[in-house]
Amino acid sequence: MADETKSQSQESGQGGADTPPDASARPAADPKKPAAAAAKPAAAAKPRPKPKPKAPPEPPKAPEDQAPPEGAELPATVTAVQDGVSGAVQQVSFWVGDWTIIVSAERLLDVMRFLKADAATLFDYCSDVTAADWPPREKRFDVVYCLYSTRLRHRLRVKVRVDEKDPVESVTALWPAADWLEREVYDQFGINIVNHPDLRRILMPEQWQGYPQRKDYPLEGPGELLMESPQDWLRVRNIADEAGAVADADAEIEIE
Amino acid sequence: MAEAIVFWTLAVLILGLGVMVISARSAVHSVLFLVVNFLLVAVLYVTLNAEFVAVIQVLVYAGGIVVLYLFVVMLVNLKKAPERYADPRRIAWTGTLLAGAVLAEVIAIVYASVSSDEAGAAGGGFGADTPFAECGAGPLVSCNTEQLGWVLYTSYLIPFELASMLLLVAMVGAIVLAKRHL
Amino acid sequence: MLETVVVPLLKIAVLLNAVLVAVTFLVLMERKVIAWAQSRLGPMRVGPYGILQAIADPIKLILKEDITPAKADKYVFTLAPIMSLVPALVVFAVVPFGPDPLYYVSDINVGLLFIISVTSIGVYGIILGGWASNSKYPLLASLRASAQLISYEIAVTMTLVSVILTTGTLSLVGIVEAQREGGLWFAFVQPVALMLVFIGGLAETNRAPFDLPEAETELTGGFHTEYSGMRFSLFFLAEYANMIVISAIVVIMFFGGWLAPFPNVPALAFLGFLPPWVWFIGKIFLFLYVFIWIRATLPRYRYDQLMGLGWKVLIPIAIGNLVVTGILKVAF
Amino acid sequence: MTLEAPRTSTTQFDTDELVINMGPQHPSTHGVLRVVLKLDGERVIDADCVIGYIHRGIEKLSENRDWTQIILLTDRMDYVAAATNNLGYCQTVEKLMQIEVPRRARYLRTVLAELQRIASHCLWLGTHAMDIGAMTVLLYAFREREFVLDLFEEFCGARLTYNAMRIGGLPLDIPPGWDKKVLSFCELMEGKLNDYEMLLTNNRIWLKRTRDVGVIGAEEAIGLGLCGPPLRGSGVPRDLRKDEPYAAYDEMEFNVPLGTRGDTYDRYLIRMDEFRESIRIIRQAVEGLPEGPIMGKVPRLIKPPAGETYHAIESPKGELGYFIVSDGKSTNPYRFRVRPPSFCNLQGLKRLVTGHLVADVVALIGTIDIVLGEVDR
């Protein structure tokens, strides 16, 4: 596995050196040094994927956060936040022109407040809030904030790793834009966002159970089953009814 | 003869509709009966050759004022009477008193008008001292409107203007009361 | 007996039929004119150039299912379309299509007031239709409609008073005769009044740009949202009949009714080869065309702007016009 | 429902608020948007958007399709600007795989994206004007949109969901004579734009309906995450074509129209100017169209190395971003996320409509130019 990782990051390093036309135009985020020996830092918190017997998708083994190429100069935004909120940034990552900082969930609001206010960062625009699910991992969710500064015209991604129950502070107070985006993250992943002014489901119906974007949520909902084989669907529903309890997310059947 | 038939039919209908106005369950229905009532009264005016009054009756009462009634009734949307009017005995008492007063008034007016008719043109009836009599020569219909205007702007000018001032004041007052931010 | 009963009844029958047929063709005309304005063809399937569409539409409407919403007030729900259409048709009793008594049902001495007062009854159809549907959008629309109609009625009536001041009569025949004697259409004598009446007429018939009560894109169809089938089509007929009424009023008051242009100029006397009623109906359709043209061109006013226009612009101008007319009348 | 009305009245004449549902079936919610309006008379006290009626789980689906198949799923998001969605997705994957796209393909992509912007703005103009009651503009705008659709049909065979781009370039080169047709369309469109403006720009009723309606300041617009014309209408000079150039925009000359007041009329003017800028870009790109291949060096099996990226382009509606995570193992993305501009702009609707009248609500839904296919995905 280590070999594999190494070869991949090598490939990426070369790719980064090619100055692709589509890469970000930010001058600060373009370390054009060939970084052939970019090794995976040991500090990266990569928990071993635990074997999970009946997880539907294959557990991802690849590393998701490439370290910046060695000797690459950190952009001003990252150094500013490292200095400004000491100890909050757990890891810095760089991949195809994008910088990402990974911060601890407890310090998230501090970091965000700093990023919005500091003159070197000035991230006044919250482009996107989203998440990714890595089921076997202990802290299975990545909550990703894509920030942008309309004055300084740079971007930064902030990432938080949380478990299902871990609270994630809402950033709605800083960026009202995050309101619906956080609702969507809650709706699709079931991430426990706290201090949100109006946390409701947004895309799914209010009574929906289960969180569709989780990796253990089946791709085919009841609708397809209903259309293809109504008998099966009825059977499944009767079982669920007889069980009388709220079915767990895997076998969830909810018909409007 | 024909006139009598028309009059009595109209009279019965008007009175019947009047009863319907106060007895209808839905407030909107009673307003509707009121509209029909006004229209029939307008027909009554037509039979008296008072076209102008008839048309104004339709325009002002049926077309204007009752529309506003309807507004209020629709918006307030009364389902049932408020609690404090629920006591039937109290209603009966007040109602009897009011009805008695109105009846007395009507009798007084009828009596007065009959006696003034008997007293001849010199009595204080409407338009007695105005050139209404001159109308008699020409066709009554063409004079009606003109005469009304004439009377309104000569002998009754001051009451007319006072009434309009009163209405203006009422209107301003209503706006001041109802408008939240002036 | 023949004079007092049969002839008027015949006239009424002919007139009613004519008006209703005119209305169906007016609908077709509107669709065609708007289509041409929008570089389309409009209805083309039924009959040559879609002419029979005017017949197909009513048949469709009659055959459609007539639905009464479960929570509607059934009597009022049925009554409302009738109350909307009847006044619009009654008005035609006093509209003179020509100079002879043959061309009108009745010439009453308060003809103009009669039209104003009867059309003011038409507002009940809209209010009650909206209320009886027991639905929120129609209610909002009917509130808008009644407020709009009442406010514009004031402006229009006041403006008409200034025309009455000029003629000295309320009879519609008399008004046209006055224009013949003066040799000049009142459009040239009272141009301000013409504009006011026309704008007010647009508003009173709920036509664009004042079509708020039935603003489809805001109120999903307005007060007749819950209506279907024949009851809906009664509202429809009423709206178009009212358009014809307003056009007729404008033509009678300002464009000489059945008169040819400049009736007293001998050089134009050859225009008299057309019978008077052709002139009258031709002029009406010219104005109907303008109605449709405006609908194809202009965006819609907002409710508060509409009321602002009515109360803050049209009514003051109407009063000013009245005062000026009165002064001139006294001075000359 | 968390509609809490601020009690604004101070007198004792309190009236009930009327709660009405605008949508999901309503002529001017541009799809299946439902807005719950709390009204005081006709004034909106509070609004709440209910969305998700056509949520098809495109993100989830994409995580189970391979990289090429996703392109046609992106068509189904903003279906009035499908080529722009294709472009954003393909560029994101190209960024992940570090594929260089040939210059000719980048030029053609620019042309397609700008044609798509014209088509999308035509639809916006027509429906926006229709909502405010100017029905003729709708038909005129759709007539011109047909020309764009014809051009697309000639290019890729489809008229709505184009599937017009591939990772690494374009599926097809342009048919012969297509560039001439594009240029003559530009000519035609310029004339038609004057027609539209004659009907609307100086129309007093149009001005009354749009001036000072839905005013939003620059700071607030940024905070609310507005993007595209609504953001630029508030005077924020943010256009990703300029700020983070992609395709061939760095070689094009164009202006970014900005508003000053941040009202509906400004947003209207901006989009009208964008029509002209788009025509200008198309002219430059078609006239300077370089020769060469239309596909870059793309492996047969598309399988980006493990990693994640966020890439955004300026769609007609605003910032269309794709956040894609590849695990480097499977032939489908591990996480596929779209940052839909309509979604973020729709979020601002509540702020825009509060305090305005019901009639303004439709004007404001029109001015933020949403496509529910994109909001719900």
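These are my notebook entries on a few things I looked up in this predicted model.

**Ground rules**

I number residues from 1 along each chain as its sequence is written, and chains are lettered from A and ligands numbered from 1 in the order in which they are written. Because the model is predicted, local features need pLDDT of at least 70, side-chain atom pairs count only at pLDDT 80 or more, and totals for chains, interfaces and linings use all residues, while side-chain values use heavy atoms, with hydrogens and water left out.

**Chain B on its own**

I started with the fold of chain B, and found six helices and zero strands. Helices here are DSSP runs of H or I with at least four residues, strands are runs of E with at least two, and both are numbered from the N terminus. Read from the N terminus, the order is α-α-α-α-α-α.

Next I checked burial: 23% of the 182 residues in chain B are buried. My cut-offs are under 20% relative accessible area for buried, over 50% for exposed, and partly exposed in between, with a 1.4 Å probe and protein chains only.

For contacts (heavy atoms within 4.5 Å), I looked at pairs in chain B with a separation of 6 or more, and 50% of them join residues 24 or more positions apart. The accessible surface of chain B is about 12900 Å², and carbon and sulfur atoms hold 74% of it. That area comes from the Shrake-Rupley method with a 1.4 Å probe; for residues, only the protein chains shown count as cover.

**Chain A against chain D**

I went to this interface next. The size of an interface is often given as the accessible area lost when the parts come together. Chain A and chain D bury about 5100 Å² between them, with 52% of it on carbon and sulfur atoms; buried area here is the accessible area (1.4 Å probe) that two parts lose on being put together, summed over both. In contact terms, 63 residues of chain A meet 61 residues of chain D.

How many salt bridges are there between chain A and chain D? I get 11, taking a salt bridge as a side-chain nitrogen of Lys or Arg within 4 Å of a carboxyl oxygen of Asp or Glu. I noted a salt bridge between the side chains of Arg155(A) and Glu244(D), at 2.9 Å from N to O.

Polar contacts link 30 residue pairs between chain A and chain D, both residues at pLDDT 80 or more. A polar contact is a pair of N or O atoms within 3.5 Å; within protein, one must be able to donate a hydrogen and the other to accept it, and residues adjacent in sequence count only if both atoms are side-chain atoms.

Elements giving two or more residues to the side of chain A that touches chain D include α1 (2-17), β4 (141-148) and α4 (178-189) of chain A. β3(A) gives the most, with nine residues. By type, that side of chain A has 32 nonpolar, 10 polar and 21 charged residues. I count Ala, Val, Leu, Ile, Met, Phe, Trp, Tyr, Cys and Pro as nonpolar, Asp, Glu, Lys and Arg as charged, and the others, Gly among them, as polar.

**Gln213(A)**

I zoomed in on Gln213(A), which sits in the loop between β7 (193-194) and α5 (222-228) of chain A. Is Gln213(A) buried or exposed? It is buried, at 3% relative accessible area. Leaving out residues up to four places away in sequence, I see Gln213(A) touching residues that include Asp133(A), Phe189(A), Lys60(D) and Arg335(D). Its side chain also makes a polar contact of 3.1 Å with the side chain of Glu59(D).

**Chain C against chain B**

Here 25 residues of chain C are in contact with 24 residues of chain B. About 2000 Å² is buried, and carbon and sulfur atoms give 81% of that area. Asn109(C), Tyr124(C) and Trp131(C) supply 27% of what chain C buries against chain B, more than any other three residues.

Helices α3 (74-90), α4 (111-121), α5 (123-132) and α6 (136-167) of chain C each supply at least two residues of the side that touches chain B, and α6(C) has the largest share, seven residues. That side of chain C divides into 18 nonpolar, five polar and two charged residues.

**Two positive phi angles**

Val96(A) is not a glycine, yet has a positive phi of about 35 degrees. Val96(A) is in the loop between β1 (89-95) and β2 (98-103) of chain A, and is buried at 11% relative accessible area. Ser39(C), also not a glycine, has a positive phi of about 50 degrees. I place Ser39(C) in the loop between α1 (2-37) and α2 (53-63) of chain C, where it is partly exposed at 43%.
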